[in-house]
Amino acid sequence: MVRRVVPGNLPAELASFVGRRSELREVRQLLSGSRLVTLVGVGGIGKTRLALRAAAEMERAFADGSWFVDLAALRDPGLRNPGLGNPAPGSQEVEHSGALAGLLAAVLGLEDRGGGLSLRQLTDYLAQRRALLVLDNCEHLLPACAALVTGLLRTCPALRVMATSREPLAVSGEVVFAVAPLPAPASGGGQRLDEIGRYDAVALFTTRARAVKPGFDLTAGNRTAIAEICRRLDGLPLAIELAAARIRMLSPQQLLHRLGDRFALLSQGSRSAPARQRTLRACVDWSFDLCSKAEQVLWARLSIFVGGFELDAVEGICTDELVPADEVVDLLAGLVDKSVVVRDDDGNDDGHDDEQARYRMLETIRDFGAEKLVEAAEREAFRRRHRAWYQHLVALAKAEWISSRQAYWMARLNREHPNLRAAVDDCLAEPGQAPAVLEIMVNLPGLYWWTTGMFGEGRRWLDLALARATAPTAVRARALLLDGQMTIAQNQTELGGRLLDEGEDLARRLDATAEIALAVFIRAQFRLYDGDLPAAMKALETSCDILSTVPQRESVDSLELRLGQLMMLGTAAGLAGDHDRADACFREVLAITEPRGVNHYRSYALGSQALSAWRQGRMTDVVALVEAILRLNRLPGSIDRYGAVQGIEMMAGAVASLRQYRRAATLLGAADALWAEMGASVTTFNHLVGPHETARREARAGLTDSTFAEAFTHGRAMSHDDAIAFALDEHRRPTPPPPAERSTRLTRRERQVADLLTQGLSNKEIASTLVISQRTAESHVENILAKLGFASRSQAAAWAASQQTSHRQFGESEPDDGPRPMITSGDGQIA
């Protein structure tokens, strides 16, 4: 059988094609449903290779051929095809379109008989042909390409076009596919060899390195260096291939050490490659030349950001007469269109109406911009602007902390941590700026360090700044106390105690009442964690008395400390068996936070109730309460690493007591990993040692050593999100517990709410029927779902309907099985 030869001119691959399986599949699907697909992305990201491979895989679908047209050579802005006749004067698009038509006609093999080839002749030739055109490198001729493609597609119904460009053609019917960098490891240290080898970036590096050094392979010895090379090169295929070529003379470790000047290192590409792709610098230079002057200036200034940025930061830092504030949106949009800046949707997900889009630059692009900023002699000026703006951002976050904006600020500060780190490092590097670091540190809410668990980094900043900013001020006293608190949290009790002593002594010398109250509170906090309830409660009461004399009772510092006092007092009282006092403390917390729209402290109240239930042996209630905590931890802007690990420790102890030994061992491993991330240990928090030791003892007794070790290791490998999902038992939750077992968990009010759910009432209607606030109704519904393990209102309604069948009334008395968990409502009521 003779194989049918499909016409066309697709170039053969000179090197193996690595990865991109899902992208190939998606591009093929897009091209099967759309007549114009444009692959966009920064230079060197692999647009051409992806387009050619996709075209080759679809070649047999185009009976009249797949044709590759490289437009990179058409660089002269005045280039025109003399055979096009008489275009309209001043119509540069027509001129360029004619030049492109001539190039395309030559590729298709159309014969010029001396009179020149017109665009009309080209469209006549393609009108009835089923063909694919691959137009490569359109970015420098966008108007001409847009005009040509529009004309062709309008008159050639069977024609399809795949274009590659650093920005879209922006014509009707265009489908844009953004080509992303190759997936690369976040780091190589904690991953197995086989896991690292599955990343496309690593596979490309290894394949290309083997081509210049036969026998080269990914090994346990070089895996970390190769993973870091691929990460620092952003998974950019061109950069990875240029780096791999250096393996002929450098080891991966040597190559990694020399990546500081990546443009000099990655300067010898293939002689057969286009000039713009023979070096990394040439590739990025091509993109830079395509930008307007104002876009080039903004590109350079954006390099001052680390880890991403938002529009308000760009407007606050990067603008002046060269980059006018009223043009920033358009200039930034231009850089996004040119694939210089990418929108980082994964980096901003706080779920609030005032959410801002977030942007980032690949490190290679950022490094190029940084060089341009130095060339313009603007680097120091914009570093100072960057530092001042982020000092202002932290101060604004503090001012709005005890408000409905708290979740937004928690999420925003998390996103901005790399920029905060850069601002602090700049302050520490400049003489006389250490006091600014102390200001940043004390303005960052105390809760920030507990929820992020970044005690080690916070301590490093504080230690360096305190050594340089020695003036006896209240800010220094507060910074010493914060340093001591984080040091003790990391189980360095003696050093932490000395820092607390120094901070409290300074506060007393300055008669700084708020700082004295804070010092006494921190000591009480760790006495509670040590299990010394009487001493903790006495110190907490003393701290409350001192704080009551502070004139600025409504300041953010005072309110935050008051909430901390109440949470600790409620916890201590609950552990001591004084449930009335614990309830009163939590009511006051809600009285402060509810009118201000603050929800974060609710999870801490639930944690205290879970500890109380643990002390009373009510393990089923512990599970329900911890599930509620972990669900709150998942809400946008509410991620709390300390709250999560505390909940997981209690869940481990509870499920071990309920004879779920393997699950308990897995949770212990997950908790161990979370503690390690924070640089802390469960041994610092005595109130968690009971659940922890119960889980360890019961699980070891109920499992073989190998099974325990396997489950523990599995848990330790989990991410924060995976650990929460496992603790919520989501991997095997579809089978609910029997209705009779659940019915004892709901309070009288919750049963009334569940009854109304069966009628299909909304939260607003439930609130009206029961004469409660809508927020309270929402809270009751949330508690019902958390207690019963349901994901939707309809599930809860179906369960409630089944209960009505057997219990006709929801007002019947509940069995007296001891104190039930006090799940607080949204308006301060106690369910």
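This report describes the strand arrangement and selected helix packing of a predicted model.

## The parallel sheet

The model contains an open sheet of 5 strands, arranged in the order β2-β3-β4-β1-β5, with parallel pairing. From one strand to the next, the twist averages 20°.

## Pairing of β2 with β3

The partner of β2 is considered here in detail. Strand β3 comprises residues 132–136 and runs parallel to β2, to which it is joined by 5 bridges. Within this pairing, V69 has L135 in β3 as its bridge partner.

## Packing of α12 against α16

A further contact involves helix α12 (residues 280–289) and helix α16 (residues 363–375), whose axes come within 11 Å and cross at roughly 75°. Because angles of 65 to 115 degrees count as roughly perpendicular, α12 is roughly perpendicular to α16.

On the α12 side, the contact is made by L280, R281, V284, D285 and F288; these meet T364, I365, F368, E371 and K372 in α16. The residues of this contact divide into 5 nonpolar, 1 polar and 4 charged.

Definitions and conventions:
Residues numbered from 1 in each chain as written. Predicted model: local features only at pLDDT ≥ 70, side-chain atom pairs only at ≥ 80, totals over all residues. Heavy atoms only, no water. Pairing = 2+ DSSP bridges. Helix = DSSP H or I, 4+ residues; strand = E, 2+ residues; numbered from the N terminus. Axes fitted to C-alpha atoms, helices over the stretch in contact; angles between N-to-C directions. Parallel < 35°, antiparallel > 145°, perpendicular 65-115°, else oblique. Contact = heavy atoms within 4.5 Å. Nonpolar A, V, L, I, M, F, W, Y, C, P; charged D, E, K, R; others polar.
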